[in-house]
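Have a look at it first, then we'll go through it topic by topic.

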Amino acid sequence: MRTNSSLDAALLRRYDRPGPRYTSYPTAPHFKPDFGERALRNAVDESNGDPIPRLLSIYVHVPYCLSPCFYCGCNRIITRDKAQAAIYLARLYREIAMTAAMFDRDREVVQIHFGGGTPNFLSPLQLREVVDTLRHHFRFAKRCDRELSIELDPRSMSPSDVAEYATSGFNRASLGVQDFDPAVQAAVNRLQTVEETLAIIEACRRYHFRSVNVDLIYGLPMQTPEGFAKTLDTVIAARPDRLAIYSYAHLSEFFKAQQRIDATQLPTPDCKIALLQVAIDKLSAAGYLYVGMDHFALPDDDLALAQANGTLHRNFMGYTTHADSDLIGVGVSAISHIGATFSQNPRDLPTWQTAIDEGRLPVFRGMQMSEDDQLRADLIQHLMCQAEVPASALERRYGINFATYFRDALVRLQPLLDDGLV
Ligand code: SF4
């Protein structure tokens, strides 16, 4: 994305086509059912054998939400029955214990992220219990080196909860906002006031969270550049350290919730470009730097610094400064990335529950990456984090001739080169 000049509408239209959103390469639909518990155990054994103990990151999935946002494509369960949380956590703790038992104790946890769903569907006390359970089973890095982050829905919490999160060790938060325009909020079934949102950002500051991120979405029904500009002004005035500006993809055939969106209210392609332009203009003027893939950060934020010194990485949890850690996913639908493997837990609650009840690690699919997968994943990682391809380094690392190996891709890249995009 070019952020230092006006968007060229004609160019954008020419390249306006669906593509994969690389939270991993290969993406989850390529995972295979023949990769199961045994394969995961082998991958962990192999990774334990590294002479320098690899660091660990942990992702905890909390699937529950109180009400459905119509744009949502996440794996979540809508319920107002808070008793579900305790039932879920009892099994989650068993999964954590089974998983931790595979890893050598010399492996330090440097990053933990709670996502969902709505992690703050859990009470502050329950969240503390999860952190304590993880601490009991894994070796945590020193507090100053540890990143403990949580996705927050400001509609279902109070600022005083943030004090309790801080006591549990949480030091980063990401708030869903999307748009403050009441017409947009009504169209997507997410009514959220400016006041309740700003109160949570303020509380995160008061309790010394190291960074606060705000998620916005452009391309939602009823959105206008004027309304979105107002939302951006409000958010920028609160000075979050990071902002993610996601493009809404209307895929109602895949995501049932999106069928409740009135497609006639979606912005036209030209309007959507205007929305993105407003965001880029406002954020650039306010001093935010483009980090990559929809993300912006203040110049002194860790992500912006990591990008500047070439240490920025990206994993399932988004951009991170922690390179080369193995990622452990726990909870329904969570994905692990151990060494050169991926493995995923069942996406539906009953199958996940059954596996845990039977004392099995709940892996339902995954894959062992080939050398070619690893090379392409490495290349995509560089593109997403440094916006460049280190051809010589990849040639040395993988023993290839770049021009020969990627001959077909380079031919397909030529029109983009001609358009000045590469
Ligand atoms: S957007 Fe967030 S809060 Fe809304 S339904 Fe999806 S996961 Fe739940």
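Let's start with a pair of charges: aspartate 145 makes a salt bridge with lysine 142, and their closest N and O atoms are 3.6 Å apart. (A salt bridge here is a side-chain nitrogen of Lys or Arg within 4 Å of a carboxyl oxygen of Asp or Glu.) Keep in mind that this is a predicted model, where local features need pLDDT of at least 70, side-chain atom pairs count only at pLDDT 80 or more, and totals for chains, interfaces and linings use all residues. Residues are numbered from 1 along each chain as its sequence is written, and side-chain values use heavy atoms, with hydrogens and water left out.

**The whole chain**

- The protein chain has 15 helices and 17 strands; these are DSSP runs numbered from the N terminus, with helices (H or I) of at least four residues and strands (E) of at least two.
- Its radius of gyration is 21 Å, close to the 22 Å that the globule rule gives for 422 residues, so the chain is as compact as a globular protein of that length. (The radius is taken over C-alpha atoms, and the rule is 2.2 Å times the number of residues to the power 0.38.)
- Along the principal axes, the C-alpha trace spans about 55 × 55 × 40 Å.
- Of the 422 residues, 52% count as buried. (Buried means under 20% relative accessible area, exposed over 50%, and partly exposed in between, using a 1.4 Å probe and protein chains only.)

**Salt bridges**

- Side chains of opposite charge can pair when their charged atoms come close.
- Searching the whole structure turns up 21 salt bridges.
- Back to the opening pair: aspartate 145 is partly exposed at 38% relative accessibility, while lysine 142 is exposed at 57%.
- Aspartate 153 pairs up with arginine 190 in a salt bridge, with the closest N and O atoms 3.5 Å apart. Aspartate 153 sits in the loop between strand 6 (147-152) and helix 5 (159-168), and arginine 190 in the loop between helix 6 (182-188) and helix 7 (194-206), so the pair ties together parts that are 37 residues apart in sequence.
- Are these two buried or exposed? Aspartate 153 is buried at 9% relative accessibility, and arginine 190 is buried at 7%.
- Salt bridges with shared partners also join Arg54, Arg107 and Asp326 into one network.
- Aspartate 419 forms a salt bridge with arginine 14, the closest N and O atoms being 2.7 Å apart. That pair links distant parts of the chain, 405 residues apart: aspartate 419 is in the segment after helix 15 (407-418), and arginine 14 is in helix 1 (residues 9-14).
- Aspartate 419 is partly exposed at 25% relative accessible area, and arginine 14 is partly exposed at 45%.

**Surface patches**

- Patches are made of residues with over 30% relative accessible area and no salt bridge, joining like charges within 9 Å and nonpolar side chains (Val, Leu, Ile, Met, Phe, Trp, Tyr) within 5 Å.
- Asp45, Glu46, Asp50, Asp104 and Asp106 gather in a negatively charged patch on the surface. (Asp and Glu count as negative, Lys and Arg as positive; His and the chain ends are not counted.)
- Leu410, Leu413, Leu417, Leu421 and Val422 form a nonpolar surface patch with about 390 Å² of accessible area together. (Areas come from the Shrake-Rupley method with a 1.4 Å probe.)

Key: The place of a charge is taken as NZ of Lys, CZ of Arg, CG of Asp or CD of Glu.
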